[in-house]
Amino acid sequence: MTSSPDTSTALLTDHYELTMVQAARQSGTADRRAVFELFPRRLPEGRRYGVVAGVGRALDAIECFRFDAASLAALEGVVDADLLDWLGSYRFSGDVWGYAEGEAYFPHSPLLVVEGTFAEAVLLETVLLSIYNHDSAIASAASRMTLAAGDRPCIEMGSRRTHEEAAVAAARAAYVAGFDATSNLAARARHGVPSTGTSAHSFTLLHDAEADAFRAQVQTLGVGTTLLVDTYDVAEAVALAVEVAGTGLGAVRLDSGDLGEIAREVRAQLDGLGATGTRIVVTSDLDEHAIAALAAAPVDAYGVGTQLVTGSGHPTCGFVYKLVAREGEDNELVSVAKKSLDKVSVGGRKYALRRRGPSGVAEAEVVGIGEAPADDGDPSTGLRTSDRPLLVPLVRAGEVVGRATLEEARARHRASVAELPRAVTMMSAGEPVIPTVFAG
């Protein structure tokens, strides 16, 4: 959801964020300089890479993180009067760096580095995790689907399978990762994602005859429309569709059955009727594996719903937001880290670059601790390609400086995935396509 300046995001947080700030103010540590990091400890099981999405929405959320009168009223009795007064003037005034939207990520990639006072930065934890975990899960699934689809377009149509606001964010994230359009009109209005849609089975069932439904749709939307042909008998419907719309019919849609086999039969029938340019669109619980299985079928486009908006089995990325450094004596930053079993974090402010070999193919995710890792490329020798820094400034002194358009994010996604090793195209479970290496 893109927040307007009048929509506060301040209560999109957890109770303990406020109690920590209240206690830190009492102990005199709330204003200590602190560095938080949002990162994944691992990729979802079997995934070879992930895709960052939600950056633009997160920047909107930071801008709108203001405790207005209604927010403060809701917190009476939750925190003390001193903290309520402090919250009333809260504005994040720190700095944020992060991976740009559309970028690929790997285990321990420092996707966000948030620096400010402890009190300012800790309050952003929940809303940032909420946005990044959801949107990146959708984009990661969408990226695998568009890879499997190749040059065939994918359409997002999962709104009815998730929360109404999650549906809007999902459409946006899918577009970042290469989907061409959405069925969701709110995503079109808020984010400029192209929308598309024609008719459902109910429209056909409304009419006395299938031909009547086809005529009404063609008369309204033109012969370039897509007719749904599996309400009754597919072969009869295809024949009726061409009879009504002519050989210039835009497309037919298949929504059930053995999609590959039916698509072959429909393609032969359309060609035999002279409708050689009529496309075949398939829907029905598709995921990246089903799309890959249809690669040899005469399919022209895919409509994807449930599996996309649920992350194709991984509805969250497991990102965490941890304090990795804090102000110590002499105003120096002191590295801190969690040591809990299975939940270890690596202390220190992070930097990152994508190490690339002579042909420009990525070889490793290099994460520097305390200082930026060195670029080992030397283009003048022609032996290696320059490494690519990954962190870009997003917020500087409280002001958003890192906005990007969705088209820029889409282009970045294409370029980022294209530089990964060829194993990235494999849909089977596997290890990350490049290792993460710590330096410093």
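My entries follow, from the whole chain down to single residues.

**Ground rules.** I am working from a predicted model, where local features need pLDDT of at least 70 and side-chain atom pairs count only at pLDDT 80 or more, while totals for chains, interfaces and linings use all residues. I number residues from 1 along each chain as its sequence is written, and side-chain values use heavy atoms, with hydrogens and water left out.

**Whole chain.** I started with the secondary structure, which comes to 15 helices and 19 strands. Here helices (H or I, at least four residues) and strands (E, at least two) are DSSP runs, numbered from the N terminus. The C-alpha atoms fill a box of roughly 80 × 60 × 40 Å along the principal axes. Of the 440 residues, 51% are buried; buried means under 20% relative accessible area, exposed over 50% and partly exposed in between, with a 1.4 Å probe and protein chains only. I also checked contacts (heavy atoms within 4.5 Å). Among those between residues at least 6 apart in sequence, 73% join residues at least 24 apart.

I traced β9 (residues 251-254) and found it running parallel to β10 (residues 279-282), joined by 4 bridges. Two strands count as paired if DSSP finds at least two bridges between them. Between β9 and β10 the chain passes through helix α12 (residues 259-272), in a right-handed β-α-β crossover. Right-handed means that, with the strands pointing away from the viewer, the path from the first strand over the helix to the second runs clockwise. From β10 the chain goes on through helix α13 (residues 288-293) to β11, again as a right-handed β-α-β crossover. Strand β11 (residues 301-304) is parallel to β10, with 2 bridges. V281 in β10 is a handy landmark: R253 stands opposite V281, and in β11 the bridge partner of V281 is A301.

**I155.** I found I155 in strand β6 (residues 154-156). I155 and V281 are 126 residues apart in sequence, but their C-alpha atoms are 9.8 Å apart in space. Leaving out residues up to four places away in sequence, I155 touches F179, A181, T196, Y302, G303 and V304.

**The open sheet.** Which order do the 4 strands of the open sheet take? I read β16-β14-β15-β19, with mixed pairing. β16 (388-389) and β19 (436-439) are the edges; each has a single partner strand, so one side of each lacks a neighbour in the sheet. β14 (residues 350-356) pairs with β16 in the antiparallel sense over 2 bridges, and L353 stands opposite P389 in β16.

**E125.** E125 lies in helix α6 (residues 125-149) and is buried without a salt bridge; the nearest side chain of opposite charge, K322, is 5.6 Å away. A salt bridge needs a side-chain nitrogen of Lys or Arg within 4 Å of a carboxyl oxygen of Asp or Glu. For charge, Lys and Arg count as positive and Asp and Glu as negative, with His and the chain ends not counted. Beyond four places in sequence, E125 touches Y16, E17 and Y321.

**T231.** I placed T231 in the loop between β8 (226-228) and α11 (234-245). T231 counts as buried because its relative accessibility is 18%. Its side chain makes a polar contact with the side chain of H201, at 2.9 Å. A polar contact is a pair of N or O atoms within 3.5 Å; within protein, one must be able to donate a hydrogen and the other to accept it, and residues adjacent in sequence count only if both atoms are side-chain atoms.
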